Amino acid sequence: MSKEECVAADWKVIGDADGSAGHDPQERFAAHVKSCARIKIVPDQTTWFAGYQTGLQRYCTPLNGLSRGEAGDAYYNVCPVETATGFLRGYSLGQKAHQWRSRVDSARSEVSSKEMRIDQRYNDLKNAKDDNERRSIRDEIDDLDRDIRRARRDIGDAEYALQDVEREVDWFRRNPNAALSQGY
C-alpha cells in the first residue's frame, strides 16, 4: 500500500477485497501493517477482519472455487467449514481442467519446438560437409519426427481426457451444489 492509501484506508473495504480474493489473512494483514508502518499508521485489525469475513462469503462459493482452480490459483484454506466443501469441490474440478489444459498446451508447444528444430536441421543438411554429417542430421530429424508423433498421440489422449473434464465443468456450472459424478 502507498502512503496515501494508508492514510485514507477504509479497513473494512480493504478487508472485504482481501477476503473476496482469498488471500491468506495473516500474510495479507501483516503486509498492510508493514506497508503502513513507514508512516506510523496502524491498521484496524478488527475492522479489517470484519470486512475480510464478508469478502470470504463471495470467495468461498462452489463456482468461484471452480474459477480459481481453472485459473491455477493457489488456495490458502481460508474458507469456513460451512462453505469449504462446496468451494473445494469446484476448486478440485477446476484444477483438474487446468492440469489437462496445461498438458495439452505443453505437448503442442513441444511439437512446435521440434518442428522448428527439424526445419533448422533441414537447412543444416544443405550445408553438410560430408556423408557422416548428413547421416547424423538425418538421424536427428528421424528422432525428432518420432518425438513429434509421440507428442501428437499424447495431445490426442490429453484432449480426450480434457473433454471429459470439460463436460463435468459444464455440468458443475449448471449444478454447483450437486455432487459430482467423478468425486471431485
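How many residues does helix α3 have, and how far does helix α3 reach from its first C-alpha to its last? The model is predicted, with pLDDT of at least 70 needed for local features and 80 or more for side-chain atom pairs, while totals for chains, interfaces and linings use all residues. Residues are numbered from 1 along each chain as its sequence is written, and side-chain values use heavy atoms, without hydrogens and water.

**View 1. Helix α3, residues 25–37.** Helix α3 has 13 residues and reaches 18 Å from first to last C-alpha, close to the 18 Å expected at 1.5 Å a residue (1.5 Å times one less than the number of residues). Helices are DSSP runs of H or I with at least four residues, numbered from the N terminus. In α3, P25, F29, H32, S35 and C36 are buried (under 20% relative accessible area, 1.4 Å probe, protein chains only). These residues cover an arc of only 120° around the axis, which puts them on the same side of α3 (the arc is taken over directions from the helix axis to the C-beta atoms). The face turned away from that side carries Q26, E27 and K34, which are exposed (over 50%).

**View 2. Helices α6 and α7.** Helix α6 (residues 81–126) packs against helix α7 (residues 131–174) at about 160°, with axes 8 Å apart (lines fitted to C-alpha atoms over the stretch in contact, angles from 0 to 180 degrees between N-to-C directions). The two are therefore roughly antiparallel (over 145 degrees).

**View 3. D18 in helix α2, residues 11–20.** D18 counts as buried at 3% relative accessibility. D18 and L56 lie 38 residues apart in sequence and 8.4 Å apart in space, C-alpha to C-alpha.

Terms used. Angles under 35 degrees count as roughly parallel, over 145 as roughly antiparallel, 65 to 115 as roughly perpendicular and the rest as oblique.
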